[in-house]
Amino acid sequence: MVDVAPSVWNPANVVTVLRIAVVPVFAVALLADGGHTVGGRLLATGLFVLAAASDRLDGWLARRSGQVTDLGKLLDPIADKLLVGSALVLLSWLGDLWWAVTAVVLVRELGITVMRFFLLRYVVLPASRGGKLKTVLQAVAISLYLLPLTHLPAFVGVVAGVVMGAAVLVTLVTGIDYVRDALRIRRAAGLPPVVGP
């Protein structure tokens, strides 16, 4: 009996593609009328929360139905980075979030993604508990910053700042942990150390 490869257009991958398709709609909603209308901000927040919450859904569907595909493995992190990256860049562009925060998070995310890609020939580097906490904190912090904060009680903005600070801290700590794991894997594989220019 010949094993039949799962279709790339299975429900899990469709959810992932929809998450990617939401990103430009989210961007348009956030930037509507200069990016500071209550309706536009609430719509953008809703779209972001929906897309972020569905992050677990596609993986669960793929594992439950036995339809894990290489395309899904490729698209899932792309969908995550597009959503978070777009939100951070647009919030900074609108003046709602320091560019330093956006730069730190994006450099860490892109750097770890590239590192994981190069480690694939040796091992799949799974998400740690800290990495999962980082994802949750980033999603909550961004969701709070997307709200029309100027029309809400001041404490909401304070909470948003505190959660974003925690998200950045955990982002940095877990990034360092992943780099340590990568170096340990290189040593175990007998590879020469990385030498700078």
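**Entry 1: Phe 26**

I began with Phe 26 and listed its contacts (heavy atoms within 4.5 Å). Leaving out residues up to four places away in sequence, Phe 26 touches Ala 44, Leu 47, Phe 48, Ser 86, Ala 87, Leu 90 and Leu 146. I then looked up its accessibility: Phe 26 is buried, at a relative accessible area of 0%. Here buried means under 20% relative accessible area, exposed over 50% and partly exposed in between, with a 1.4 Å probe and protein chains only.

**Entry 2: basis of the values**

I note that this is a predicted model, in which local features need pLDDT of at least 70, side-chain atom pairs count only at pLDDT 80 or more, and totals for chains, interfaces and linings use all residues. Residues are numbered from 1 along each chain as its sequence is written, and side-chain values use heavy atoms, with hydrogens and water left out.

**Entry 3: aromatic pair**

I searched the whole structure for aromatic pairs and found one. The ring centres of Phe 26 and Phe 48 are 6.0 Å apart and the planes lie at 45°, so the pair is tilted. For pairing, the centres of Phe, Tyr or Trp rings (for Trp, the six-membered ring) must lie within 6.5 Å; planes under 30 degrees apart are stacked, over 60 edge-to-face, and the rest tilted. Phe 26 belongs to helix 1 and Phe 48 to helix 2, so the pair ties together parts 22 residues apart in sequence. Phe 48 is buried too, with a relative accessible area of 1%.

**Entry 4: Arg 108**

I located Arg 108 in helix 5. Arg 108 is buried, with a relative accessible area of 9%. Beyond its neighbours within four places in sequence, I found Arg 108 in contact with Lys 134, Thr 171, Thr 174, Gly 175 and Tyr 178.

**Entry 5: chain and confidence**

I counted seven helices and zero strands, taken as DSSP runs (helices H or I, at least four residues; strands E, at least two) numbered from the N terminus. Buried residues make up 38% of the 197 in the chain. The mean pLDDT (the predictor's confidence in each residue, from 0 to 100) is 83 for the chain, and 78% of its residues reach 70 or more. Where pLDDT is low, the predicted coordinates should not be read in detail.
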